[in-house]
Amino acid sequence: MKKLITILLILLTTNVNGQVFKKIYDKVFKYSTFYVAGDIKEAYETQYPDYFIRTDPDDLYAIPQVVDETVYHPFDYRVGFGIRRLARYDYEIKQNYIDGSENMVGISAPTGAVKGFEYLFHFEKERERSEEFVNSRYFLRHTGKYHIVKLEQRTQGNVDFQYQSAEVRFKLPIGKKISISAGAIARSHQKAYGYNPIELWLNELDDQGNPANYWYTLGFEYGYTDHFTSYTDYNTGNIFYDWIWRNPEGDIVAYGDRDFRDRVFGDLMNRFNQERWNELDPFMEVAPIVGVDFYHYRSKFWLHAYANWILPYHHYIKGNEDFSYLHRNSWGLGGHNNNLEGEQWDDYQGGLIFGWKISKTLGLFFEGEYVKFWDSEIVNSSIGINYRL
Amino acid sequence: MRILLLILLFTGSIYSQEFKDDISVVQFSAGFVEDSEIELTPFKVYNIYYFKMENRAVLFKEENIKYLPTIILYHNGKEITRVESGIDLKLPDNCIELINKHIDKLIEDKF
C-alpha cells in the first residue's frame, strides 16, 4: 500500500512538475530565439594617402625620404550572441533571421506588441578602425493588462556609452487601442553635466586675485618641461625669446608657448577633464513617469503613437548630487554655487509610425522618434511616398 | 496636435469594427441556443466578444453567420477561422483547441 502511495505521489509530483515546467516554458521561452551572428565589413580608408618626409638628422636639406603614413585598418567585424523574445508590431517586417543588430519599436514603446515576457540578452565584440569594443544590451519587460515592468542595460563601447534603467508602471487600458500608464523610473547617467574641471582649475584665483594656476602650468602637472631660449632673425638681427617645451621623455614638442598651446595643450585639457570625471561615480536617479500608447493596425492603414514624459521630480539615489544633472547650472567660474535645490527638468520620448496604402499602387508612410533625456536630444525620422508602376 | 486628433478620428470612424482588432475571439449566438454556447474565458488574454442575434441582426448578416452558435477568430480585421455548430446546434468538442492552434500561429508569426 505504502509503495502504491509512493508511486502515486511520484507520478503526481512528476506530472505537476511537468505542468509547471510547461507553463514556465510557454510563458518565458516559447518563441524565443537563440542566435550567434556576426559580420565582416571593409574598413574605413582615407580618400587620399597621407605622406610625410623623413629628413636626414645630419643634413636637414638633403633629399628627404617620403614615407607613406596612411593608416590601413584591418577589416571591421562584429560577432555576438544572444537570446531574444521580442514581438514585432504588425507593421514591422518580419526578418528571416536574427543577428542582434535589429532595432525594434517594441523596445522603445511603453507597451509591447504582446502581453507577457519579452526579453533580449545580447553580447557582442566588434572591431572598428582597428579598435576593439564590447557592446551589450540586456532588456527584460513584462506587460500585463494593468502593469508594465521593464529593466534595461546597454553598453556601447565605441561611444563609451552606458545606460541602465528600471521602471514599474500601472497601466490603464482605454478601450482596445489606447492605454495610459504611470509609475516610476530609475535611470543612470555617467556624465557630470555642467561640470567642467579644467575651466574651474584655470579660473581659480589666489588671495591677491591673480590666477592660482597659470594655463601653461598644466604641462608641468603632466611632466612636460620648458626652458627659456632665444631666437635670432639673421635678416634683421632681431632677437626674440620663447620657451622650448619637452615631453616627459625629453623630446621637443613645441618651439614656443603659442606652439605648445596650439598643438599640445588641447590634449592635456581633455586628459585633465577625463581624469577628474573618472573620479566620479555613475549617477542614478528616480523620477515619476507617465505614458500613453495608441495602436491601430489594418493591412491598409496603421498608426502607432506613443509618448513618455518623465516628470520634473528627479531624486538622485547614487552618485555625488553636486555633479549631477540636477546641478548642471550650479557650476560657474567660482565653483559650485551651493544651490542645494538644483534645477529640475522634464525628459520626453515620443514616437509616431504611420502607414497608409491609399490604393494598390500608392502608399504613404512616416516613422519618427524623438528622445530628450538630460541634455541629449535624438531625432530619427523618415517619410515617403511609394508609387508602384 | 490637430492632425493627430484628425487621424485618431479617422481611424475610429473608418474602422469601427473594434471586435476585429488585434486577436479577437467572437461568439455569435442567439437566445434559443444558449445551452450550446461555450465560455471564451480561455481566450481572455485576447479580446473576447459575445454577440446575440436578437441584438445584432445586421452584424450577423454582414458576417455571414449561417449556424448558431459560431465562433470566429479575427486578427487585425481579417477573419482567420470560424468554428460552426452542426445540425445538433453544438460546437465541436475541440473548438477551443482549434482556435488555440490558430492563435498560436498568429503569435508565433510576431516573433
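How many helices and strands does chain A have? Chain A has five helices and 20 strands. Before going further, keep in mind that what you are looking at is a predicted model.

**Chain A as a whole**

Let's start with the overall form of chain A. Its radius of gyration comes out at 30 Å, well over the 21 Å that the globule rule gives for 389 residues, so chain A is more spread out than a compact globule. Along the principal axes, the C-alpha atoms of chain A fill a box of roughly 110 × 65 × 55 Å. Of the 389 residues in chain A, 17% are buried. If you take the contacts in chain A between residues at least 6 apart in sequence, 54% of them join residues at least 24 apart.

Now for chain B. Its mean pLDDT is 86, and 86% of its residues reach 70 or more. Confidence in chain B is lowest in α1(B), with a mean of 54, and highest in β3(B), at 94. Where pLDDT is low, the predicted coordinates should not be read in detail. For the complex, the predictor gives an ipTM of 0.76 and a pTM of 0.79.

**Where the chains touch**

Turning to the contact between the two chains, 15 residues of chain B are in contact with 16 residues of chain A. On the chain B side, α1 (2-14) and α3 (95-110) each supply at least two of the touching residues. It is α3(B) that gives the most to this side, with four residues. By type, the chain B residues that touch chain A split into six charged, five nonpolar and four polar.

**A buried strand in chain B**

Is strand β1 (residues 23-29) of chain B largely enclosed or open? Seven of the seven residues of β1(B) are buried, so this strand is largely enclosed by the rest of the structure. In a regular strand the side chains alternate between the two faces of the sheet. In β1(B), Ile23(B), Val25(B), Gln27(B) and Ser29(B) point one way, while Ser24(B), Val26(B) and Phe28(B) point the other way, and all are buried.

β1(B) also has strand partners. Six bridges join β1(B) to β3(B), and the two run antiparallel; here Gln27(B) has Ile71(B) as its bridge partner. Six bridges also join β1(B) to β2(B) (residues 47-52), but this pair runs parallel. In β2(B), Lys52(B) stands opposite Ser29(B).

Most residues other than glycine have a negative phi, and most peptide bonds are trans.

| Residue | Phi | Loop |
|---|---|---|
| Asn76(B) | about 50° | between β3 and β4 (78-84) of chain B |

Are they buried or exposed? Ser130(A) counts as exposed, because it has 12 C-beta neighbours inside 10 Å. Asn76(B), with 18 other C-beta atoms within 10 Å, is partly exposed.

There is also a peptide bond to look at. From Leu68(B) to Pro69(B) the bond is cis, with omega near -10°. Pro69(B) lies in the loop between α2 (57-62) and β3 (70-75) of chain B.

Methods. Residues numbered from 1 in each chain as written. Chains lettered and ligands numbered in written order. Predicted model: local features only at pLDDT ≥ 70, side-chain atom pairs only at ≥ 80, totals over all residues. Contact = placed C-beta atoms within 7 Å. Nonpolar A, V, L, I, M, F, W, Y, C, P; charged D, E, K, R; others polar. Buried ≥ 20, exposed ≤ 12 C-beta atoms within 10 Å, placed from the backbone. Rg over C-alpha atoms; globule rule 2.2 N^0.38 Å. pLDDT = per-residue confidence, 0-100. Pairing = 2+ DSSP bridges.
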